[in-house]
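Subject: Structure for you to look at, with notes

Dear colleague,

Here is the structure I promised to pass on, with my notes below it. Please keep the model open while you read.

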Amino acid sequence: MRTSRTYKLQLSEQGVDQFLACHCRLARMTREFIPYGTTLNVAISILDRCDPSEIAAELESPLCGQLGGPSYRFVGTTSRLAAVVDRVGRRLIESGECGAGVATWRLYNVALIMFLTSEDRELQTAYKIATALAG
């Protein structure tokens with residue numbers, strides 16, 4: 001069984017800046033040199049704990065669209081991340097908040113939005129979850 005894989009982020013310049021802001025915040029908080037995949041994992045862990053209505057609202061926000069763009073970035077992290085993203089997508093559909101499936105890159109963008117608005121204690125919890133899953 002493969003323990004890691006590469007995930008594709010579809011970002012604008014603003015999206016790249018947002019991802020790097022998340023990465024720097026997490027690295028400063030942990031006082032560690034962390035892989036980019038850890039940042040994505042933490043962001044998705046935060047998203048996984050959000051209410052579907054909150055996720056749906058951010059999917060419709062102008063910022064979510066602004067973060068997406070023509071630039072592709074590839075981030076390696078645990079293969080378990082795909083299952084969490086699938087779970088979030090299923091919860092959105094089952095809740096009735098989204099009638100159809102949501103593009104994965106849009107979920108990643110919402111995760112970045114949620115990351116930057118999270119309190120430090122939420123980030124610390126998500127970091128512990130993400131590093132436990134990776135290890």
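The structure holds 1 aromatic pair, where rings of Phe, Tyr and Trp (its six-membered ring) count as a pair if their centres lie within 6.5 Å, and where planes under 30 degrees apart are called stacked, those over 60 edge-to-face and the rest tilted. Phe-19 and Tyr-36 form this pair, which is tilted, with 5.9 Å from centre to centre and 55° between the planes. Phe-19 is buried at a relative accessible area of 5%, whereas Tyr-36 is partly exposed at 47%, buried being under 20% relative accessible area, exposed over 50% and partly exposed in between, with a 1.4 Å probe and protein chains only.

Before going further, please note that this is a predicted model, in which local features need pLDDT of at least 70 and side-chain atom pairs count only at pLDDT 80 or more, while totals for chains, interfaces and linings use all residues. Residues are numbered from 1 along each chain as its sequence is written, and side-chain values use heavy atoms, with hydrogens and water left out.

As for charged pairs, a search of the whole structure finds 3 salt bridges, each being a side-chain nitrogen of Lys or Arg within 4 Å of a carboxyl oxygen of Asp or Glu. In one of them Asp-120 meets Arg-25, with the closest N and O atoms 3.0 Å apart, and this pair joins distant parts of the chain, Asp-120 lying in helix H7 (residues 120–134) and Arg-25 in helix H1 (residues 13–30), 95 residues apart. Asp-120 is partly exposed at 44% relative accessible area, and Arg-25 is partly exposed at 22%. Arg-87 bridges to Asp-48, with 2.7 Å between the closest N and O atoms, and this pair too links distant parts of the chain, from helix H5 (residues 81–95) for Arg-87 to helix H2 (residues 36–48) for Asp-48, 39 residues apart. Glu-119 and Arg-121 meet through their side chains at 3.4 Å, N to O; Glu-119 is partly exposed at 45%, while Arg-121 is exposed at 55%.

Met-114 lies in helix H6 (residues 104–117) and is buried, with a relative accessible area of 4%. Leaving aside neighbours within four places in sequence, Met-114 is in contact (heavy atoms within 4.5 Å) with Ile-46, Leu-47, Cys-50, Glu-54, Ile-55 and Glu-58. Met-114 and Cys-50 are 64 residues apart in sequence, yet their C-alpha atoms are 8.6 Å apart in space.

Lastly, the largest pocket has a volume of about 160 Å³. On a 1 Å grid over the protein atoms alone, a pocket is an open set of points where a 1.4 Å probe fits, with protein on both sides within 12 Å along at least five of seven lines, and lining residues have an atom within 4 Å of a point. Grid points are joined across faces, edges and corners, and the volume is the space filled by probe spheres set on the points. Strand S1 (4–11), H5 and H6 each supply at least two residues of the lining, and S1 gives the most, with 4 residues. Among the lining residues are Arg-5, Tyr-7, Asp-86 and Trp-105.

With best wishes
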